[in-house]
Amino acid sequence: MSTGPNAEDARFTGLPGRPGKIIAIHLSYASRADQRGRRPEHPSYFFKPSSSVAASGGTIERPAGTELLAFEGEIALVIGREARRVPAGRAWEHVASVTAANDFGLYDLRANDKGSNVRSKGGDGFTPIGPRLLDARGLDPARLRVRTWVNGDLAQDDTTSGLIFPLPQLVADLSQHFTLEPGDVILTGTPAGSSVVRPGDVVEVEVDDPTTDSSSGRLVTTVVEGDVSFDASVGSLPAVDDTQRAEAWGSREAAGLPAESASVLSPELRAKLDSVPVAALSQQLRKRGLNDVTIDGVRPLHPSSKLVGTARTLRFVPHREDLFASHGGGYNAQKRAFDAVGEGEVIVIEARGEAGSGTLGDILALRAHANGAAGIVTDGGVRDLDAVAAVGIPVYTVGAHPAVLGRKHVPWDADVTIACGGATVQPGDVIVGDADGVIVIPPALVEEVVEAAVTQEAEDAWIADQVRAGHPVDGLFPLNDEWRARYEAWRAKN
């Protein structure tokens with residue numbers, strides 16, 4: 001790649017010059033916020049390096065070994081006058097120009113940088129801008145439009161009337177914290193429709209005023225495949241899971257993933273599951289041909305506590321030094337799983353029955369408890385056992401071990417189908433545990449199974465009363481026709 005002055009100038013042909021700062025907003029369009037399922041109360045930002053700027057007609061490299069390069073068509077504001085603590089009503093006066101931008105992001109690198117986006121959005125060529133500047137003085141910031149095409153098909157189409165935070169507010173807000181200088185660029189967020197692109201795809205972004213002929217022209221970028229992989233010896237490697245895939249593509253459906261169903265556990269259903277023992281549920285599942293649904297070998301830290309929730313899964317693979325170097329540090333799958341677990345969910349961990357290392361400790365137990373998780377099940381060890389028990393969240397484990405994760409395990413991925421204690425567990429499966437153990441119930445069967453278990457428990461309670469009264473169990477347990485008639489008569493009466 002040329003590094004001479006001509007190459008330097010070519011990157012910034014869509015701008016007055018090389019910007020001192022590029023500030024981007026995380027979420028600003030209502031359509032995008034609704035797509036993500038969260039609407040921020042205030043804007044939040046991140047910086048992009050000026051070395052990421054590219055001109056129209058250029059290429060962007062998808063690095064070797066990655067899959068989730070996503071486009072984000074945006075309106076770029078170029079500051080013309082120094083702005084420091086300017087009011088929103090005067091903020092637009094400090095904007096010289098408006099143009100198109102593409103805030104490319106590599107979701108494979110999001111996890112370890114979280115909201116800073118340093119690596120995921122800072123790569124060379126990750127901020128194409130241009131091709132033409134529109135004079136901001138002739139534009140109404142509330143009437144601008146941004147559109148994006150991929151291979152000629154319209155992918156994004158929204159206007160600034162759909163912003164949560166108006167453009168002048170962004171300028172005013174940023175000027176509260178630092179001086180905006182001439183040439184600085186503000187990327188003002190992307191609407192719904194952002195998705196993944198692959199090598200060979202051509203992405204075009206245009207900003208215009210629909211009421212006039214004012215247009216930035218189309219900002220054109222072609223995706224190419226890189227041939228250089230990331231070096232694990234100097235930093236984290238790309239890592240993706242289904243959550244990142246869904247966010248990069250825009251939805252689980254677009255990513256080719258099965259739809260996430262709403263929790264099958266209503267408060268009423270949870271209460272019924274809480275009222276029946278695991279043994280009764282196991283009996284009903286066996287009647288329906290499901291025998292391999294118990295998580296074997298785990299025991300509760302709180303035998304008197306009941307565990308009821310839906311599964312969030314985490315998988316460890318056997319320890320290997322190079323894999324632990326690439327996947328064990330930073331914001332790894334284990335930390336992501338404990339951060340992501342929600343209210344009423346159970347973290348279920350595949351550790352292959354390996355008890356020679358801890359799979360969680362008190363800090364992660366505290367995090368799950370703070371998130372409202374229903375419990376944790378691991379077929380591996382727990383370290384800081386007394387501290388974990390003191391947290392109070394139901395935990396099932398094969399036992400205690402003082403060693404940290406890296407002795408036996410590499411945290412690999414989350415929210416995937418796993419094996420725990422000999423049972424297959426999928427995200428969304430219903431998990432119930434008591435002093436007898438833990439059972440996995442397919443969501444489609446849970447209502448049928450729990451209703452049958454409640455009915456059976458009532459019958460068993462009546463049988464127990466008869467045994468206490470001195471009746472022999474022959475013919476009573478299970479009920480023969482005579483005893484069945486007596487039970488039905490009692491049930492009708494009571």
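Residue numbers start at 1 along each chain as its sequence is written. Because the model is predicted, local features need pLDDT of at least 70 and side-chain atom pairs count only at pLDDT 80 or more, while totals for chains, interfaces and linings use all residues; side-chain values use heavy atoms, with hydrogens and water left out.

**Overall picture**
- The protein chain has 15 helices and 29 strands (DSSP runs numbered from the N terminus: helices are H or I with at least four residues, strands are E with at least two).
- Taken along the principal axes, its C-alpha atoms fill a box of roughly 95 × 55 × 40 Å.
- Of the 494 residues in the chain, 51% are buried (under 20% relative accessible area; exposed is over 50% and partly exposed in between, with a 1.4 Å probe and protein chains only).

- Three strands make an open, antiparallel sheet in the order S8-S5-S14 (two strands pair if DSSP finds at least two bridges between them).
- The edges belong to strand S8 (105-106) and strand S14 (196-197), each pairing on one side only.
- Strand S5 (residues 69-70) pairs with S14 over two bridges, in the antiparallel sense, and Ala70 stands opposite Val196 in S14.
- Elsewhere, Gly57 sits in the loop between strand S3 (53-54) and strand S4 (58-62), and it is exposed, with a relative accessible area of 59%.
- Gly57 and Gly130 are 73 residues apart in sequence, yet 9.8 Å apart in space, C-alpha to C-alpha.

**The cavity**
- Searching the whole structure turns up one cavity of 30 Å³ or more (on a 1 Å grid over the protein atoms alone, a set of points where a 1.4 Å probe fits but cannot get out; lining residues have an atom within 4 Å of a point).
- The largest cavity holds about 130 Å³ of space (grid points are joined across faces, edges and corners, and the volume is the space filled by probe spheres set on the points).
- It is lined by 16 residues, and the closest to its centre are Asn112, Leu237, Ala239, Tyr331 and Arg336.
- At least two lining residues come from each of helix H4 (110-113), helix H10 (321-327), helix H11 (333-340) and strand S25 (409-414).
- By class, the lining has eight nonpolar, six polar and two charged residues (Ala, Val, Leu, Ile, Met, Phe, Trp, Tyr, Cys and Pro count as nonpolar, Asp, Glu, Lys and Arg as charged, and the others, Gly among them, as polar).

**Aromatic contacts**
- The structure holds five aromatic pairs (rings of Phe, Tyr and Trp, the last by its six-membered ring, with centres within 6.5 Å; planes under 30 degrees apart are stacked, over 60 edge-to-face, the rest tilted).
- Trp462 and Tyr487 have ring centres 5.3 Å apart and planes at 55°, so this pair is tilted.
- Trp462 lies in helix H14 (residues 446-468) and Tyr487 in helix H15 (residues 481-493), so the pair ties together parts 25 residues apart in sequence.
- Both Trp462 and Tyr487 are buried.
- Trp462 also forms a tilted pair with Trp490, at 6.3 Å centre to centre and 40° between the planes.
- Trp462 is at 7% relative accessibility, hence buried, whereas Trp490 is partly exposed at 39%.
- Ring pairs link Trp462, Trp483, Tyr487 and Trp490 into a cluster.

**Charges over rings**
- Arg218 has its charged end over the ring of Trp149, 3.5 Å from the centre (NZ of Lys or CZ of Arg within 6 Å of the ring centre and within 35 degrees of the ring normal).
- Arg486 does likewise with Trp483, its charged end sitting over the ring 4.3 Å from the centre.

Terms used: On a 1 Å grid over the protein atoms alone, a cavity is a set of points where a 1.4 Å probe fits but cannot get out, and a pocket is an open set with protein on both sides within 12 Å along at least five of seven lines; lining residues have an atom within 4 Å of a point.
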